[in-house]
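Trainee: Could we go through this model together? I would like to start with the strands.

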Amino acid sequence: MGNRTKGNSDIENNNFSASEGCHMCLAIPGKIIEISPENPDSALVDVVSVRRRVDLGLLQDDRPRPGDWVLIHVGFAMSKISEQDANDQMETLRALGEAEAAMQEVEGYGLGDAEQLKPN
Amino acid sequence: MTPAAVLRNIAENTAPQVRFREPQIEMAHGAGGKASRRLVEGLFAPLLFGASLEPLADAAHLSINGAKIAITTDSFVVKPLSFPGGSIGELAVNGTVNDLAVSGARAEAMVVTFVLEAGLPTELLEAEVRAMANAARKAGVKITGGDTKVVEHGKADRMYITTTGIGSPLPGVRIDPRSVKRGDKVVLSGPIGDHGITILLARGELDLEADLRSDTRSILPLVEAMVAAAGPAIRWMRDPTRGGAATSLNELARDCGLGIALFEDNVPVRDAVRGACELLGLDPLHIANEGQFLAVVAREFADAAITALHATPGGEQAQIIGEVCDQPAGSVLASTSYGGSRIVDMLVGDPLPRIC
Amino acid sequence: MRFVDEFREPELVTRTADEIRRLADPARHYRFMEVCGGHTHAIYRFGLKDLLPSNIELIHGPGCPVCVLPMGRVDDGLSLAPSNDSQQREVIFAAFGDMMRVPGTTGSPLEHKARGMDVRIVYSPSDALKLAKANPGKHVMFFAIGFETTAPSTALTLMRAKSEGVHNFSVFCNHVTIIPAIRAILDSPDMRLDAFIGPGHVSTVIGCRPYEWIVQNERKPIVISGFEPLDMLQSIVMLLRQLNRGEAKVENQYRRVVPWEGNRAALRAMAEVFQLRPYFEWRGLGFISQSALRIRDAYAEWDTEQRFDVPGVRVTDPKAAQCGEVLKGVLKPHQCKLFGRECTPEHPIGALMVSSEGSCAAYYNYEHRKTAMVNILSRTA
């Protein structure tokens, strides 16, 4: 016998541990594959090639369409994800290092007040 | 008597100390994590294994009248019985072959016990037995006998299978966690998490679908390839079933008293497994696998081991995922690509019951 | 993973961390509170503390809805499961995974399950409703927890239960609201904070306006933050910039997901189903007025508390446990006398050690056994 035992018997089904599952703030981006024709509040969403049914009831004021990305929390879509804002954020972050590099270059030239060039 | 013999004598004459104090058995005790270890080390080991000071392993290597044999036993409790990639019968055969393989032995024969629930359709039983026959043929192991019991409806959840396998030690391999040294590399044979997540999705209780199959297979060919390339340099092997890779590595760290540095980015995980784990808040390192193994190989031979695995069908995704260090002793530390790090613990609780 | 991996890019993480070092005034000691348990978890999971200069201290706030639930409420929920429904039906206790190991006086839900109680894990309130439909002979009681992120989903589920006429279903409502918790922290004399990292997912529902009183009355900046490493680091950059300029504004770093005005449909659903309780007890923070939700009378039939007799016993934490102070951020987890000894993730005394959002669990799992490993890793990686 090794130090792993595999057998256990219980007539109940699931029995999960909380040490892993953190559901309260856990929200995941997913892409809408299709919206159920019988029920506009039910959509099939893809999360890294795992497909699940998600409830769109909280987005009825601004219904997403297939191809849109949404934020999913406890089986409900909470918000649409704006690709534009995501890209803008990446741009800002990339600019951080570049602005700094530019700053150092300018300072190296000894041209005077580099303060004016500091990014906001 | 030599001093060692005196100590052995004293140990043998000492009444075994049961250290397991919990009042009842919980699901967690079967999960393969910390609770399981407490049960085995605290109750079974002192009463059954006596004064043995050997670290517990997947299989026992015995010498009987000069003949060396390896022996292992396993039980299989799976729900559902059948799932993409396999069924309980295949798990039973492959699981036994694999336990022997990671102990450094080739499976030669096994015996099987079935505990069947009254009311089980014969068609289902036949399918499982066929699956076992196929898996045994594929794995090159003979099934030479067994036993059957039937229990009342409601007492066995359809079918439980227990196996005992015997095998012959592979030449030139000696598995012992105590031989692990600082600088040794940790090798993983392929992507983790496939089996556990497949089972979870196959239960149909979650509204999740993915293109995933259990990875159940005999890892013997891969182990043999690695042994051919690096035999004496292999210090330790394990198949990370219940409790996942994290649990196996923590067991190693504990048994060798050193630390394991894991490079999280090097650990192969399929997209669908990652996605499902993200959705459910699970860690792929804690999910059961049925067709993978971990090995610790001396640094100088690690590349040869990987090359041999890559050249063997089924081993194309093998990776070096970590290294043995002095600190933190007895623990596993995972690092991410930007220097952030976290302790990866053994499984606590039971995220996926009835997985294998 | 789209919208996840980009925000973990190592090169950008390094650059942002460098920017933080550049902006942090070495003469100052900054104390930032991250309110939300998900942020606490992210900090530890990604080892973000290792990337910050030593004069930036992250203090964990009470934003873990499992942690702030007093033990008495857990007992109340569990007491209902061996039924006292007038029709003598069996009760199924359904809850999220986070609840399963939270200790009540007579054990956690999981321990009760081992003793025969029908306990099921669900990943969505709608799963609980489905359970009810699938088990017409039983009553399904959903133990609802969570801040405003989760409350709208519970609300919508209750609306569906009503419109679909599912009568063997009720909700034991323990939803709490975030603003009173922040207020309680700021009112606490033990607390000295410079700024807040604001809860990203709660804000998808409530928007950014509700935080304006923090900047107006308390003059402390708050940045609503996402949960990936780049999100949190960028939020710290934004906070440092504000503090360096002597500003105090509400800023939305998590723009790709959080609308400034919040989610109207979600707020409508909450208003339809819930109303504020006059007061509610929070572990560690005591009784806070208008800080929790109860189910309106129009949905009384689906309100566990109106349908069944709930004992309502107040249970104080074990004396030695310092859950309250850790929740408020006054103590760090390892400063609690029970930490790592009597109280571990396997034998939790308080919920902070159980929930992966709890600071004690996070600290235990990720922090307290690390030593000089980081140096070794940067050499070998």
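Mentor: Helices (H or I, at least four residues) and strands (E, at least two) are DSSP runs, numbered from the N terminus. This is a predicted model, in which local features need pLDDT of at least 70, side-chain atom pairs count only at pLDDT 80 or more, and totals for chains, interfaces and linings use all residues. Residues are numbered from 1 along each chain as its sequence is written, while chains are lettered from A and ligands numbered from 1 in the order in which they are written.

Trainee: Which residue stands opposite Ala60(B)?

Mentor: Ile71(B), in strand 2 of chain B. Strand 2 (residues 67-76) of chain B runs antiparallel to strand 1 of chain B, and 5 bridges join them.

Trainee: In what order do the 5 strands of that open sheet in chain B come?

Mentor: The order is 1-2-7-5-6, with mixed pairing. Strand 1 (60-64) and strand 6 (142-151) of chain B each have a single partner strand, so one side of each is left without a neighbour in the sheet. On average, neighbouring strands of this sheet are turned by 20 degrees against each other, direction ignored.

Trainee: What does helix 3 of chain B touch on the sheet?

Mentor: Helix 3 (residues 88-102) of chain B touches strand 2, strand 5 (105-117) and strand 7 (159-169) of chain B, and its direction makes about 145 degrees with that of strand 2 of chain B. Axes are lines fitted to C-alpha atoms, for helices over the stretch in contact, and angles run from 0 to 180 degrees between N-to-C directions. Two residues are in contact if their C-beta atoms, placed from the backbone, lie within 7 Å. Helix 4 (residues 122-139) of chain B lies across strand 5, strand 6 and strand 7 of chain B, at about 160 degrees to strand 6 of chain B.

Trainee: Changing topic: how many residues of chain A are in contact with chain C?

Mentor: There are 41, in contact with 53 residues of chain C. Helix 1 of chain A gives the largest share of that side of chain A, 9 residues.

Trainee: And what is the secondary structure of chain A?

Mentor: Chain A has 1 helix and 5 strands, in the pattern β-β-β-β-β-α along the sequence.

Trainee: How much of chain A is buried?

Mentor: Buried residues make up 43% of its 120 residues. A residue is buried if 20 or more other C-beta atoms lie within 10 Å of its own, exposed if 12 or fewer, and partly exposed in between, with C-beta atoms placed from the backbone.

Key
Pairing = 2+ DSSP bridges.
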